[in-house]
Amino acid sequence: MTRRRRLLHGLPVPVFAAAGAGAWGAVQELRGHPGVRLVPTPRWAAALLIAGAVDAEHLPALRRVHDQTPHPRTAVAWGAGADAAAVPVAARVDGGTDEVVRALRDAFTALVDDPSITTADLLPDRDPNEWRGVGPFGQGGEGMMGGTPYGRPMAMTGDDRDGLALDQLRLTVGPFLDALPAALVLDVVLQGDVLQSVDVVAPSAAVDDTSPGDGRTGAGSPAARRGLRWLSHALHVHGLDALAARAAILAAAVGAGADQAVLSGGMRVLHRRIRRSGVLATLRGVGHVDSASPLGDDHVRGDARDRWVRRIAAIDDTLRERGQHRALAGLPRAAHQHLPPLLRGATWNAAVATIVSLDLDATRWRPAGVA
Amino acid sequence: MLNAFLAGATVTAAAILATVAATLLARRWSPYQSTAPQRVPVLGGFEPETHAWSRFHVRYYPMTLLFIAFEMEMMFMYPWAVVFVEEGMTALVEMGMFLGILSVGVVYAWRERAFEWQ
């Protein structure tokens with residue numbers, strides 16, 4: 001075995017996770033695992049993890065994400081229903097986090113030893129329009145706006161909030177965008193980084209507290225585990241990956257039924273580091289929901305910072321078994337329709353911070369005794 | 001004098017050569033070329049309909065204009081102050097012309113309401 005291969009075998013596997021219904025939370029716990037590194041884009045990944053059952057309407061998106069993972073690549077399916085995904089996979093796993101990490105590592109090792117086993121492309125290697133050599137300047141057509149350079153037409157202009165007529169970038173984001181909850185698809189119109197309009201095309205998937213494979217909810221409090229999984233993703237989106245790994249490890253420890261004193265001690269350290277990181281200060285004034293808004297439930301009111309503080313306190317309380325699960329309950333599915341007015345006019349990163357702070361994918365889970 | 005330029009030109013040529021060589025070698029040795037789906041931005045499963053050559057509002061533009069109008073002015077006034085006594089009237093007229101041209105930018109910024117804090 002060459003030195004290079006030995007080095008590669010020891011690396012954490014760069015994995016992009018495409019999470020379907022019920023698996024998003026379990027995927028977050030992989031952030032705490034030393035054997036894999038969850039990357040935010042398929043471009044950085046060597047392995048694609050298809051977790052949980054992906055809805056039929058999202059299968060074309062899954063194929064595109066598969067093709068956007070650069071060669072050499074491999075894919076692993078996790079959980080029942082994941083095999084309907086119409087993506088060639090190296091392995092299917094029906095187990096917990098350790099089993100899926102083992103499968104990913106095995107697939108990655110095999111890929112390092114023989115890169116020719118890379119999965120084949122599913123989409124045609126073709127630009128959407130013929131453009132090379134077409135038109136007087138090779139822009140794919142005639143006139144200023146007539147061409148399709150790089151196979152795509154130019155953006156059309158529209159009025160922006162400052163009374164200027166500027167180009168509108170129309171994009172459909174999701175359902176496997178790292179920063180958004182699983183299965184949430186948004187149609188957005190951007191001018192610069194300002195969201196001019198937002199439409200919810202598909203709501204986010206419901207989150208189960210089980211792992212896709214083993215179907216166990218774990219020994220500890222499911223509310224605390226849910227909250228910590230949310231916290232792990234939220235910290236990752238805000239660029240605090242070391243803290244995200246810590247939250248993921250705590251979530252896994254809750255699932256394994258770790259000692260309460262250990263858990264609340266770990267949470268105290270995490271809470272202190274979050275405070276010191278300054279992330280809460282950046283969330284001040286972001287995504288403000290007032291009490292008159294239809295979203296203005298007790299645990300949603302205020303800005304993103306208020307929501308984070310409430311949720312972290314609720315995780316803390318739940319770990320100490322003091323009850324108070326209300327703030328961890330998430331939003332009902334109907335909340336999606338109130339999302340566009342909240343996001344319109346915001347910059348893209350403020351919109352993402354708002355969506356993350358709302359915890360939209362808690363659409364099904366309810367703690368006992370809460371309507 | 002010429003030697004100084006020669007050194008700079010040598011380094012520039014070496015840099016260009018290294019870049020071109022690295023690009024060509026990477027293209028030759030890499031077993032995989034990126035495919036059409038890999039050449040577009042990752043949106044989580046969809047492709048952009050238009051491409052990203054779009055014009056948008058540079059919101060820091062008035063601030064940049066003011067920076068050039070005021071800071072650059074000060075930058076030139078320090079060396080000017082050193083030679084002012086020596087040069088006398090000539091320096092005063094030259095600086096007057098320079099400030100006159102710069103003040104057009106300030107007037108423009110004023111008209112664009114760059115001085116109004118929102």
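1. The model is predicted: local features need pLDDT of at least 70, side-chain atom pairs count only at pLDDT 80 or more, and totals for chains, interfaces and linings use all residues. Residues are numbered from 1 along each chain as its sequence is written, with chains lettered from A and ligands numbered from 1 in the order in which they are written.

2. Strands β3 (residues 47-51) and β4 (residues 74-78) of chain A pair in the parallel sense over 5 bridges. Leu49(A) lies opposite Val76(A) in β4(A).

3. Chain B has 3 helices and 0 strands (helices are DSSP runs of H or I, at least four residues). Its radius of gyration, taken over C-alpha atoms, is 25 Å, well over the 13 Å that the globule rule gives for 118 residues, so chain B is more spread out than a compact globule. The rule is 2.2 Å times the number of residues to the power 0.38.

4. The C-alpha trace of chain B spans about 70 × 50 × 15 Å along its principal axes. Of its 118 residues, 6% count as buried (20 or more other C-beta atoms within 10 Å of the residue's own, C-beta atoms being placed from the backbone).

Notes. Pairing = 2+ DSSP bridges. Helix = DSSP H or I, 4+ residues; strand = E, 2+ residues; numbered from the N terminus. Buried ≥ 20, exposed ≤ 12 C-beta atoms within 10 Å, placed from the backbone.
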